[in-house]
Amino acid sequence: MTYNELTDDWVTNSNSPEVKFMKKIFKLFQVITVGLLGLLCSSTTGHAEMTKAGQEAVVKAGEVMFQHRCRVCHSNDMKHPSYGPPLKNIIGRKAGSVIGFNYSDALKNSGIIWTNENLREWIKDNKSVMPGTRMRHIGVTDKTEQDFILHYLAHISK
Ligand code: HEC
């Protein structure tokens, strides 16, 4: 028996536990690779396909949501804070850093830098994210509504 014959036999016919295990690992590897590729394609094309009009529409929707859910307490004008701190340039900003605004100790000492991810958590359930914050509980639980608001916040952070 040559080496080749041996491996042919080993791969196609053997039912030994080692071979089954190797086949399973190979299958798993294939599934993961295909899955990752799929994810990569959908996330890159998802953005590439959004036209300028589409982006404007999303920002507009975000503005509407902001008016409904945030505007009573927040402006986007640094010169005119209201009951809450102004949210202009919020993305990348250190939490509790608008000079002259009277923040809670919880927010002031949180050490948070605002990002898309933690802002999503914040508008979903700010009281859980930060017990002790003075901001009334806001529960924007709908993912699409969160997306709209986050697009708007990104827009006023440019
Ligand atoms: C009822 C008033 C109120 C509403 C409504 C409200 N906020 Fe606030 N918000 C506050 C107050 C007050 C603070 C300061 C909290 C503190 O000091 O603990 C705050 C703080 C924040 C901060 C931290 C800012 C900083 O400078 O670190 C963010 C971000 C924020 N709010 C986003 C939002 C968004 C987005 C919405 C709408 C989905 C919203 N808030 C709705 C009152 C409100």
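The largest share of the shell around the ligand, 3 residues, comes from H5, where helices (H or I, at least four residues) and strands (E, at least two) are DSSP runs numbered from the N terminus. This is a predicted model, in which local features need pLDDT of at least 70 and side-chain atom pairs count only at pLDDT 80 or more, while totals for chains, interfaces and linings use all residues. Residues are numbered from 1 along each chain as its sequence is written.

**The chain as a whole**

- The secondary structure of the chain comes to 6 helices and 0 strands, and from the N terminus on its elements run α-α-α-α-α-α.
- Of the 158 residues in the chain, 10% are buried; a residue is called buried if 20 or more other C-beta atoms lie within 10 Å of its own, exposed if 12 or fewer, and partly exposed in between, with C-beta atoms placed from the backbone.
- Among contacts between residues at least 6 apart in sequence, 46% join residues at least 24 apart, and two residues are in contact if their C-beta atoms, placed from the backbone, lie within 7 Å.

**The shell around the ligand**

- The ligand is surrounded by 28 residues, of which the closest are Cys70, Cys73, Gly84, Ser104 and Met135; a residue is near a molecule or strand if its C-beta atom, placed from the backbone, lies within 6 Å of it.
- Two elements give two or more residues to this shell, namely helix H4 (105-108) and helix H5 (116-129).
- Sorted by class, the shell has 20 nonpolar, 5 polar and 3 charged residues, where Ala, Val, Leu, Ile, Met, Phe, Trp, Tyr, Cys and Pro count as nonpolar, Asp, Glu, Lys and Arg as charged, and the others, Gly among them, as polar.

**Helices H3 and H6**

- Two packed helices are described by the angle between their axes and the distance between the axes.
- The axes of helix H3 (residues 52-69) and helix H6 (residues 143-155) come within 7 Å and cross at roughly 100 degrees; axes are lines fitted to C-alpha atoms, for helices over the stretch in contact, and angles run from 0 to 180 degrees between N-to-C directions.
- H3 and H6 are therefore roughly perpendicular to each other, since angles of 65 to 115 degrees count as roughly perpendicular, those under 35 as roughly parallel, those over 145 as roughly antiparallel and the rest as oblique.
- On the H3 side the contact is made by Val58, Val59, Ala61, Gly62, Glu63, Met65 and Phe66, and on the H6 side by Glu145, Phe148, Ile149, His151, Tyr152 and His155.
- By class, this contact of H3 with H6 has 8 nonpolar, 3 polar and 2 charged residues.
- H6 has 13 residues and reaches 18 Å from its first C-alpha to its last, close to the 18 Å expected at 1.5 Å a residue; the expected span of a helix is 1.5 Å times one less than its number of residues.
- The buried residues of H6 are Phe148, Ile149, Leu150, Tyr152 and Leu153, and these buried residues pack against H3 and H5.

**Two residues of helix H5**

- Isoleucine 123 lies in helix H5 and counts as buried because it has 21 C-beta neighbours inside 10 Å.
- Leaving out residues up to four places away in sequence, isoleucine 123 touches Ile138, Val140, Gln146 and Ile149; its C-alpha atom and that of glutamine 146, 23 residues apart along the chain, are separated by 7.4 Å.
- Valine 129 is also found in helix H5, but with 15 C-beta neighbours inside 10 Å valine 129 counts as partly exposed.
- Not counting residues up to four places away in sequence, valine 129 touches Glu121 and Trp122.

**Residues in the loops**

- Histidine 74 has its place in the loop between H3 and H4 and is partly exposed, with 19 other C-beta atoms within 10 Å.
- Histidine 74 touches Ser82, Gly84, Pro86 and Leu87, not counting residues up to four places away in sequence, and the C-alpha atoms of histidine 74 and leucine 87, 13 residues apart along the chain, are separated by 6.6 Å.
- Most residues other than glycine have a negative phi.
- Asparagine 89, in the loop between H3 and H4, has a positive phi of about 55 degrees although it is not a glycine.
- Aspartate 142 is placed in the loop between H5 and H6 and is exposed, with 11 other C-beta atoms within 10 Å.
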